[in-house]
Amino acid sequence: MVPLLLILILSCFIGASQGLQVGFYANTCPNAESIVRRVVSEAAASEQNAPPVLLRLHFHDCFVNGCDGSILITTGLETDEKSAFGHQGVQGFEIIERAKAQLEATCPGIVSCADIVALAARDAVFLTNGPLYEVPTGRRDGLVSNKSLADNMPDITDSIDTLKAKFSEKGLSGMDLVLLSSAHTIGTTACFFMTNRLYEFTAGGGSDPSINPGFLPELKATCPQNGNPNTRLAMDRGSGQTFDKQILQNIRSGFAVLETDARLYEDVATKRVVDSYFGFFSPVLGPSFEADFAKAMVKMGEIGVLTGSEGEIRRLSVVNLNKIFEQIAGDDCFQDIFCVAKISDPVKLSASRTKSTAWNCDGSNLLCNSTSSSNCSPWPVGLFGEQKKMISVLAVYVRSGKKLSSGPHSIYAIF
Ligand code: HEM
């Protein structure tokens, strides 16, 4: 039997202050930041795309319901925020999970998942040669995950006015838009996001005329029409793995890869911001791209944060009922076996599995008050956020009557 998951609810009242502060965990978990840094460095050493995916994850977390770690919640329900169209391709969850596991082992119930995401993004920037900046911490984790909240994510085909409006709604300026878009100095995009720009930009099937004519054949060769939409290409031509302002130079010269990056040079105000980093005396007397980027990241990291006694310190970075079930029932439930859990306190359970739901492998949702299937009655799928409670699974059985596991296993779950 796979080791059992024991997750306890803790009342967490850490710090009475509203608002974030640098070094928030200095007393409660002094190694918090170094633990995150180590996990991110290890990930970057084995996976080249770890830094960019972590940087992107922070953006996607902050732009939906604030920087509250809600993008990490996985219940298996179709309504999960992470399954939103606007979050396509977002990754890095397992790296955050690894950091969370180490932090829980060191200082249980102290460090929020939202803070881990913000710290990991900072470390990602530094690891790719970017600036090292201090991240105010003290975020708490959100309780809501709903993909409709992600309907308004910035989209690759948004006009510059729409982009500015979407950033402004989050308290970010046009300058922040330029600086934060410069995060595309590292990482790659899938050809999927290039189709419009290369083959559907004009009514006659033409390309975006802002693409430098010398660059267009290169882009088309990498992303041919009807080619593999998953082929990836660097967003910062020639410098896709290093954090630098080459991305802005590329935007100036028509070498922007993403459509929205190209739009930044077609608006008077955002163009001025881009150009400001290439003044005659730059960077000695002009603004510092690195320092301004760091400031913009800190500002983004403050969007809609929960602090004080709001939200919670989630004990699992990713609440995944399927995973919890697997830990209790092992592989048996991947087969067509009936599994029954006796649950001490009746709750609605819902999670999708290949051909079943979390606690019942025959495809229906059941509420079981006993270890016998005959005592189970159909139970409607609950809405996420409706209930949040501790359940105690007393035992898990399969149809044959074989007892897979004895409990009680205490599981803190959100439904
Ligand atoms: C202005 C609105 C933005 C749009 C429309 C946008 C869009 C995109 C798209 C389409 C991709 C490629 C995704 C993929 O193929 O997996 C991408 C990648 C990325 N984005 Fe953005 N983005 C925006 C702003 C930001 C911001 C504010 C940040 C961070 C501060 C950011 C960081 C990244 C990073 C680092 C990647 C590379 C991810 C990887 O290599 O897997 N983006 N973005």
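The secondary structure of the chain comes to 13 helices and nine strands, where helices (H or I, at least four residues) and strands (E, at least two) are DSSP runs numbered from the N terminus. This is a predicted model, in which local features need pLDDT of at least 70 and side-chain atom pairs count only at pLDDT 80 or more, while totals for chains, interfaces and linings use all residues. Residues are numbered from 1 along each chain as its sequence is written.

The confidence of the prediction comes next. The mean pLDDT of the chain, pLDDT being the predictor's confidence in each residue from 0 to 100, is 78, and 70% of the residues reach 70 or more. Over residues 1-18 pLDDT stays under 50, and the model has 35 contacts beyond four places in sequence for them; over residues 407-415 pLDDT also stays under 50, with 44 such contacts in the model. Two residues are in contact here if their C-beta atoms, placed from the backbone, lie within 7 Å. Where pLDDT is low, the predicted coordinates should not be read in detail.

Of the contacts in the chain with a separation of 6 or more, 74% are accounted for by residues 24 or more positions apart. Of the 415 residues of the chain, 40% count as buried, a residue being buried if 20 or more other C-beta atoms lie within 10 Å of its own, exposed if 12 or fewer, and partly exposed in between, with C-beta atoms placed from the backbone.

The interior can be followed through its nonpolar cores, each a set of buried Ala, Val, Leu, Ile, Met, Phe, Trp, Tyr and Cys residues joined through C-beta atoms within 7 Å. The largest nonpolar core has 71 residues, of which Val40, Leu54 and Ala120 touch the most other members. Helix α4 (residues 113-127) gives the most to this core, with eleven residues, and the core draws at least three residues from each of domain 1 (21-150) and domain 2 (160-294), bounds that come from an automatic or database domain assignment. Leaving aside residues up to four places away in sequence, Leu54 touches Val40, Gly92, Ile95, Ala120, Ala121 and Ala124. A second, separate core consists of six residues, among them Phe193, Ile211, Leu219 and Cys223.

The ligand is surrounded by 23 residues, and the closest are Pro52, Gly89, Leu180, Ala183 and Gly187; a residue is near a molecule if its C-beta atom, placed from the backbone, lies within 6 Å of it. Helix α2 provides the largest share of this shell, five residues.

His184 is found in the loop between α6 (174-181) and β3 (188-190). UniProt, in an unreviewed entry, places the feature "binding site" at His184; UniProt positions are given in the numbering used here, feature names are shortened, and annotations may be inferred rather than shown by experiment. His184 counts as buried because 24 other C-beta atoms lie within 10 Å, and, residues up to four places away in sequence not being counted, His184 touches Met235, Asp236, Ile247, Leu258 and Asp261.

Two loop residues other than glycine have positive phi values. Asn65, in the loop between α2 and α3 (93-106), has phi near 65°, and Asn65 is buried because it has 20 C-beta neighbours inside 10 Å. Asn129, in the loop between α4 and β2 (136-137), has phi near 85°, and Asn129 is partly exposed because 15 other C-beta atoms lie within 10 Å.
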